[in-house]
Amino acid sequence: MDIKKVKAAIRDVPDFPKPGIIFKDITPVLSDPKLFKAVIDLFVKRHKGKRISKIAAIDARGFLFGGAMAERLGVGLVPIRKKGKLPYKTYEETYDLEYGTATISIHQDAFKKGERVVLIDDLLATGGTAAAAAKLIEKAGGKVVEIDFLVELGFLKGRGKLKGYKLFAPIKY
Ligand code: AMP
């Protein structure tokens, strides 16, 4: 399956969640089993046989890809969630948004020391969320081997916040 077909299925929703934002809606990719499989195949192929211990997935759309990847790779899944959602002891990171701040968290016992972790989210925008998530993985003892996104909004220069990490994003705008 050509990744161009996946790109063609991603829907632009203007002015969501607020005026001026063009939201990249991946739900048409999820609802088509061939497209969804093509995406998971692509991510899984990168990490098969690479001694990955865990997939860490970002709340909430990262969970959709991360769960499928972890199951296919036969590795553990670690959710990184918005503050107040994880039930056990957590580490937290706060980062800047366009207006205000956001806080995400991870369970303190998510990893054994030095475990090799792939971080996954649906989309790289300004990079603040992924940078905070990578810090959380490191606080909890994991090593970030790669950060994967389905989509990268290159014009927002999110890579600048993720220097030092290996990144993969097959669809770019
Ligand atoms: P950022 O921290 O700016 O890189 O934002 C990344 C997070 O916000 C990801 O979890 C995305 O799902 C979401 N996001 C940001 N901008 C968009 C957009 N234009 N379309 C869809 N999701 C977005």
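The model is a predicted one, in which local features need pLDDT of at least 70 and side-chain atom pairs count only at pLDDT 80 or more, while totals for chains, interfaces and linings use all residues. Residues are numbered from 1 along each chain as its sequence is written, and side-chain values use heavy atoms, with hydrogens and water left out.

H107 belongs to strand 6 (residues 101-107); strands (E, at least two residues) and helices (H or I, at least four) are DSSP runs numbered from the N terminus. Leaving aside residues up to four places away in sequence, H107 touches L86, P87, Y88, K89, T90 and A140, contact being heavy atoms within 4.5 Å. Q108 sits in the loop between strand 6 and strand 7 (116-124). With the same exclusion of residues up to four places away, the contacts of Q108 are K89, T90, Y91 and A140, and its side chain reaches the backbone oxygen of T90 at 3.0 Å. Q108 is partly exposed, at 30% relative accessibility; buried means under 20% relative accessible area, exposed over 50%, and partly exposed in between (1.4 Å probe, protein chains only).

Attention now turns to the rings. Four aromatic pairs are present in the structure. One of them, F36 with F65, is tilted, with 6.2 Å from centre to centre and 40 degrees between the planes. For such pairs, rings of Phe, Tyr and Trp (its six-membered ring) have centres within 6.5 Å; planes under 30 degrees apart count as stacked, over 60 as edge-to-face and the rest as tilted. Because F36 lies in helix 3 (residues 33-47) and F65 in helix 4 (residues 61-73), the pair ties together parts that are 29 residues apart in sequence. F36 is partly exposed at 23% relative accessible area, whereas F65 is buried at 0%. Ring pairs also join F36, F43, F65 and F168 into a cluster.

Y173 has lysines over its ring: the charged end of K7 is 4.7 Å from the ring centre, and K24 lies over the face at 3.7 Å from the centre. The criterion is NZ of Lys or CZ of Arg within 6 Å of the ring centre and within 35 degrees of the ring normal.

Around the ligand there are 13 residues, of which R61, D121, D122, T126 and T129 come nearest; a residue counts as near if one of its heavy atoms lies within 4 Å. Oxygen atoms of the ligand lie 2.7 Å from a polar side-chain atom of D122 and 2.5 Å from a side-chain N or O atom of T129. The protein covers 82% of the 490 Å² of accessible area that the ligand has on its own (Shrake-Rupley method, 1.4 Å probe; for residues, only the protein chains shown count as cover).

Finally, the backbone deserves a look. Most residues other than glycine have a negative phi, and most peptide bonds are trans. The bond joining F16 and P17 is cis, with omega about -5 degrees, and the one from D59 to A60 is also cis, with omega near -5 degrees. Positive phi values occur at D15, near 60 degrees, and at R51, about 55 degrees. R51 is exposed at 65% relative accessibility.

Methods:
Polar contact = N/O pair within 3.5 Å; in protein donor to acceptor, adjacent residues only side chain to side chain.
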